[in-house]
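Below are some notes for a colleague who has not looked at this structure before. Please read them with the model open.

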Amino acid sequence: MKAYRPTVMATNGAVTTPHYLASQAGMKILQKGGNAIHAAISIAATLGVVYPHMNGLGGDNFWLLYNAKTKELKGINASGRSGEMADIVYYHQLGYDTIPERGYLAANTVPGALSGWLKAYEYAESDMEQTMNWSELLEDAIEYAENGFPITDSQIKMAESFLAKEASIEERTNNDFYCIFIEPLLHCKGAGQLFYQKDLANTLRTIAMDKGHSFYHGDIAAKMVEMCQSQHGVLTKQDLANHTADWMEPIAVDYRGYKAYNLPPNTQGIASLSILNMINQFELSAIKEDSFYYHLIVEATKLAFEDRDQWVTDPEYTTPPIDQLLSKQYGQQLAEIIENKEEAGAFTALLDPRGDTVWFGVVDKWGNAVSMIQSIYHEYGAAVVPSETGILLQNRGSFFSLDEEAINRLEPKKRTFHTLNPAMLFKNNRPYLVYGTMGGEGQPQTQAALVTRIIDYKYAVQEAIEAPRWLYGRTWGVSSNTLKLENRIDPSVQAALRKKGHNIELVESYSDIMGHAGAILIDDENIKLAGSDPRSDGVALGY
């Protein structure tokens, strides 16, 4: 297929992000001599300002970092744990059978994003040859928060959608969230007007000066906790002070002679790799990209999600059999299930329809690489902003269960199941494809689409990103899963999938529901080939 945009090609560094201002921020750092980690921190901070409905200081992130000097791939888990007061009994006493999706009771986990930036920065300064001042990495984020940035159509649509689904007039009264994030978008005349976040600019300035001490131990922490507790929230000063981001050992499966890497629980990385492990048992190069291609990946997704839902939570509370779940033998067993069933399999668990997130990738001229994903979970997270901070708190903890028997049951100081999972594909023991996407439970599906189209069908990077996509899951407010297909997919493929028993739902071309994907391929000549998703506000850049 012909791509809407060209693949960006560069000899030195490349970045891809879902917002053009964040891409520029990262490129600026690379051109000043910073490495991939430095650029990634600048991108992450900037995205928290210019894509505030999807990520920010109040959320979490996960990293895959490749150090070209040591030839090591490392992971960082910067997801927050639940508060020490957060337990099932407390919510039942308040009359809840499920954790609210919005409000301070939904914001029951520590914001971990900043701890991820700091851990990555410390590693870059101590274990890599390049160095940059911490404060310099936050300059663009502070600039756009203080002096504004042009509002995009996607931001306006997100605010309108949020209010149509969830907001009441009472909730708007005296709430910093509505004043900062909703009202300016509803009253603006259209895209291009400036959007300001003055309180967030002050918070970022403080972080630039003290490297986050105030966020986890000082005045900013106090403001977050005071506001939470005034609204029956569960976070304490001790929760923030005790928080740490942690190193993770990446997990991997073989795929056509390449090695696909992801992160272990509490992420759903095992699901992304399990899908590839199953597909690896089929010779896709001998199969047209027809109905069987879609059927195969959808059925692999269902099987991978069954295992994921059985095992994924905080690994300190359970020990998933990762080696078994990702073994070649088990992949073959699951592939046989798909091959022996003529019709679509059943998957009764309702998939989470939301996962508003940002993924981005960076590769620098030394060969260092970052695949990073950052989120506040649902659009606008918990929809609460502690006064004078500008920090939009996540609602990731609303995914905890109040069922005592559930594997992901709420317990104090526990990390919840996370859809977030960054990916890399290695060739000859070094990064070949840095890739990922936003989109909740669509992430494993879109990752499989990118890998199969680039590796098996030889798509160019931008072509693979723009190609028609699918999503197995449900739409917000709907009580059943469907297989959503972009309407560009051939009608004969649609008909064949219906015949196999798939419940098809057509969506518009380049639908935002398919997530915002990106990728950077490093070829044998060390040329970086980068692409970005036209479904987002982003661009890929290189130099």
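1. The sulfur of Cys228 has its closest cysteine sulfur in Cys179, 18 Å away, which is too far for a bond. A disulfide needs the two sulfur atoms within 2.5 Å. In this predicted model, a search of the whole structure finds zero disulfides.

2. Is Cys228 buried or exposed? Its relative accessibility is 1%, so Cys228 counts as buried. Cys228 is one of the buried residues of helix 12, together with Ile220, Ala221, Met224 and Val225. Viewed down the helix axis, these buried residues fall within an arc of 125 degrees, so they line one face of helix 12.

3. On the other side of helix 12, the exposed residues include Asp219 and Glu226.

4. The length of helix 12 (residues 219-230) agrees with expectation: at 1.5 Å a residue, its 12 residues should span 16 Å, and its end C-alpha atoms are 16 Å apart. Just after helix 12, His232 has a positive phi of about 70 degrees.

5. How many cavities of 30 Å³ or more does the structure hold? There are five. The largest cavity contains about 100 Å³ of space. It is lined by 18 residues, and the closest to its centre are Gly48, Asn55, Gly56, Leu57 and Leu200.

6. Helix 2 (36-50) and helix 10 are the elements that give two or more residues to the lining of the largest cavity. Helix 2 gives the most, with four residues.

Key:
Residues are numbered from 1 along each chain as its sequence is written. This is a predicted model: local features need pLDDT of at least 70, side-chain atom pairs count only at pLDDT 80 or more; totals for chains, interfaces and linings use all residues. Side-chain values use heavy atoms; hydrogens and water are left out. Buried means under 20% relative accessible area, exposed over 50%, partly exposed in between (1.4 Å probe, protein chains only). The expected span of a helix is 1.5 Å times one less than its number of residues. The arc is that of the directions from the helix axis to the C-beta atoms. On a 1 Å grid over the protein atoms alone, a cavity is a set of points where a 1.4 Å probe fits but cannot get out, and a pocket is an open set with protein on both sides within 12 Å along at least five of seven lines; lining residues have an atom within 4 Å of a point. Grid points are joined across faces, edges and corners, and a volume is the space filled by probe spheres set on the points.
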